[in-house]
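Subject: Structure handover

Hello,

Here is the structure for your files. Please open it alongside this message, as the notes refer to it throughout.

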Amino acid sequence: MRVLLNEEPYLPRIAQCSWIDQGIWPCSWVAAPADGRSPVSAFRLRFSLSDASVIRTHVTADERYELYVDGVRVGRGSERGDPRNWFFETYDLSLSAGPHTIVAKTWALGLASLRSQMSLAPGFLFSPDDEKFIPLLGTGTAAWEVKPLPGHEFLRPFPHNFFSVGHGLLLKGAECDWDWSTGGGDGWEKAKILHPGSSATLRNRYAPSVHLLRPATLPPMLEKPRSAGKVRYVGRATEDAIKGSQGFSHEEQGWEDLLTSNTPLEIPANTSRRVILDLEDYVCAYPQVRLRGGDGGRFQLFWAESLFREPDAKTKGSRHEIEGKYFVGYGDVFCPSGDVAHDYDSFYWRSGRYLEIRVQTASVPLVIERCGLLTTRYPLEAESTFAASDPSLAAIMPLGIRALQSSSHDAYIDGPYYEQMMWLGDGVQNTLSTYVLTQDPRLARKLLRLFDASRLPSGLTAARWPARDTLVLPPYSLLWVSIVRDYAFWNDDFDFVRSLLPGVRAVADAFLGYLNADGLMRPPMGWNFIDWVHGWPDGMAPGADKSVSGILNLQLVRTLGYVAELEDAAGEIELAQRTRRKAAELARAIERHFWDAQRGLFADNLEKTSFSEHAQAEAVLCGFISPDKLETVRRTLFTDTGLARTTISYSHYLFDACRKLGRIDVLLQRLDLWSGLPALGLYTTPEGPEPTRSDCHAWGAHPIYHFFASILGIRPASPGFRTVRIEPQLGTLAWARGTMGHPSGAIIAEIETQGSSMHGRITLPAGVTGTLVLPGGTLPLHSGLTIF
């Protein structure tokens, strides 16, 4: 059973050590004696217990592992991290008296792995917590053995510029060692002892060349078997577009029986088949395939989010449709062998809606005994509910929840299909959507901690992390600060926030160092991405690359306001005052250089040739723009038809501006994009408007947040959510109601409008007070029920 630790292991042992040995673990990393034979290894330990015992042990590997006890898988890891934050899992193993075998399969795939998978050197570490079990079970102290697992090769990566989920697996059954999970077979040899494990938070004499170990921060991922979908097409294995008239409909039932009840399906010798399966949902899962016979043949299982209208995968159209479309995807290939059935799977989960099976047999028939999936994701479940008088809004919640779930694993990720990387550009929307749905902030904590650790000498963070390479998007460092601020207000955990303040100040000071003689920030070096607006090269607005950007400067003003709020909460009043002064000075410079009085708008560039919703939204939100100019923007933002429009991700900030300006009616109008997604066959929110690359991007789930925080108007009024401010704005809605989690319980809001009047009921948890803001004034809120 997996357990989560609240502190480092071995603290009593450490207390007895001299300072030079503090942080050194009692067990050592081990590896295969010879490098380069296989990227996959199995480690084995056979031992016997005189008495039944519950043994707590800490386990990790570079890159990843699966742990088996007496042939049963009990866990997998290691949780995603970086070399300075290398996570280990902790297990309480309940073992009976007598003989046992522990086996770990480990792999280090290098460039064939996920781009988000970092690595120092292949190895495995198994370290019991109790001193008495260390000689018997620990790596480096017990008789651990290892052998390479051959038969693993890798396919060419999917041909896309932004594809980062690694190479597909080519698993050759004839070369595989099928007895490894029980510790059987030949070829075992003594494992090579490397160096002791080393704590990340205590001094060690091996850093920085070794993994600095931290306890895992997240619970085990949910894993649940499910069917591989519904048969939509069976035909010959060609690259042509799907044509139902050329399919073998009489064979579909056999495939359906295989998928639904594991009825074995035999593919005759010298036969090729292509099968399209529809999962009728967006799914993240490991393949689970059992094959017998079929020597010399292939079983290919590829994934796609949708079929495409063109063979070069440009547009998708309705995701429900497959007729006349092309399957373009990636996945794994299994080469079966032998008369005994074997289970085939992959190192990493795949994702999408559609599966394509391609079977090619040689002279030996192939029997498919099983073709299923093991779904996986972080255990994020919606604890909150929302409903409103407009029935079209009801379709948006499931889309957003499913997108967020599919993008939550051992870290937040930006897109399950194409990248599986944690980006700060998605982090704002992901974390806020999480806060209104559940009271589990652990993914947000991990995001904040790891990006703090990614900081460069410049003071800026990486744009995505963990990652084998470093990419800097300067505006994303500003987003990290905003995520810190949001975490501080939505969660009662300020000690953690306080630990991030040095990084917050480093980001602010780094940007202030780019101020020019006009008092404006020139763009820092890097990719100054803002939004995927048509006509903005690489998502950079005019001025954001080589000149001076109005949007980036306004983003900095807003961020400095967040820094000041955090300094206030930390009791650093002088630092808060200094930061607000810097923000006000920058705001005045922005007004001098970017305000266009004729159009009543803030320009994107100094030449005032480009104007966008982005700049106006930032001006509204930053909190330092002159009231007269804000009043003008209140009118022009929604009437000037020449503005570049925000796309799905940046609409979050536009919606926030709508709330601040009292224009929830505009927010509701713009939700038409989300309301129309089910008609396109989407089960999740996409990355952008059509033609979108990715069908699942949780940065598009932010309407969930705005249902609670903008329409019902529930927001923290102070750090830790100790007080609440509720400012309902229904726009064109007749009523809205919701229940939202809070650190102390639940907040319930039921709001109705009748003509120009508003009435309703607010329930706050015990110990929570706040303010209700209404068109006619404010009312105090106390714990329990308030009727107004």
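This is a predicted model: local features need pLDDT of at least 70, side-chain atom pairs count only at pLDDT 80 or more; totals for chains, interfaces and linings use all residues.

Residues are numbered from 1 along each chain as its sequence is written, and side-chain values use heavy atoms, with hydrogens and water left out.

Cavities

A cavity here is a set of points on a 1 Å grid over the protein atoms alone where a 1.4 Å probe fits but cannot get out, and its lining residues have an atom within 4 Å of a point. Points are joined across faces, edges and corners, and the volume is the space filled by probe spheres set on them. There are five cavities of 30 Å³ or more.

The largest cavity has a volume of about 120 Å³. Its lining includes Gly425, Gln429, Tyr476, Phe529, Tyr650 and Trp699. Helices H5 (424-437) and H7 (474-490) each supply at least two lining residues, and H7 gives the most, with three. Helices (H or I, at least four residues) and strands (E, at least two) are DSSP runs, numbered from the N terminus. By class, this lining has eight nonpolar, four polar and no charged residues. For these classes, Ala, Val, Leu, Ile, Met, Phe, Trp, Tyr, Cys and Pro count as nonpolar, Asp, Glu, Lys and Arg as charged, and the others, Gly among them, as polar.

The second largest cavity has a volume of about 60 Å³. Among the residues that line it are Glu63, Arg64, Glu79, Arg80 and Trp86. This lining divides into two nonpolar, four polar and four charged residues.

Cores

A nonpolar core is a set of buried Ala, Val, Leu, Ile, Met, Phe, Trp, Tyr and Cys residues joined through side-chain atoms within 4.5 Å. Buried means under 20% relative accessible area, exposed over 50%, and partly exposed in between (1.4 Å probe, protein chains only). The largest core has 147 residues, of which Phe386 and Trp480 touch the most other members. Leaving aside residues up to four places away in sequence, the contacts of Trp480 (heavy atoms within 4.5 Å) include Leu424, Phe451, Arg455 and Val507. A second, separate core of 73 residues includes Val40, Tyr330, Leu355 and Tyr417.

Salt bridges

Counting a side-chain nitrogen of Lys or Arg within 4 Å of a carboxyl oxygen of Asp or Glu, the model has 51 salt bridges. One of them joins Asp281 and Arg402 at 3.5 Å, N to O. Asp281 lies in strand E19 (residues 272-293) and Arg402 in helix H4 (residues 396-406), so this pair ties together parts 121 residues apart in sequence. Asp281 is partly exposed, at 21% relative accessible area.

Asp695 pairs with Arg319, the closest N and O atoms being 2.8 Å apart. Asp695 is in the loop between helix H15 (672-675) and H16, and Arg319 in the loop between strands E20 (298-304) and E21 (330-335), so the bridge ties together parts 376 residues apart in sequence. Both Asp695 and Arg319 are buried.

Helix H16

Helix H16 (residues 703-711) is mostly covered, with nine of its nine residues buried. Among them are Tyr705, His706 and Phe708. Just after H16, Gly713 takes a positive phi of about 75°.

Regards

Key
On a 1 Å grid over the protein atoms alone, a cavity is a set of points where a 1.4 Å probe fits but cannot get out, and a pocket is an open set with protein on both sides within 12 Å along at least five of seven lines; lining residues have an atom within 4 Å of a point.
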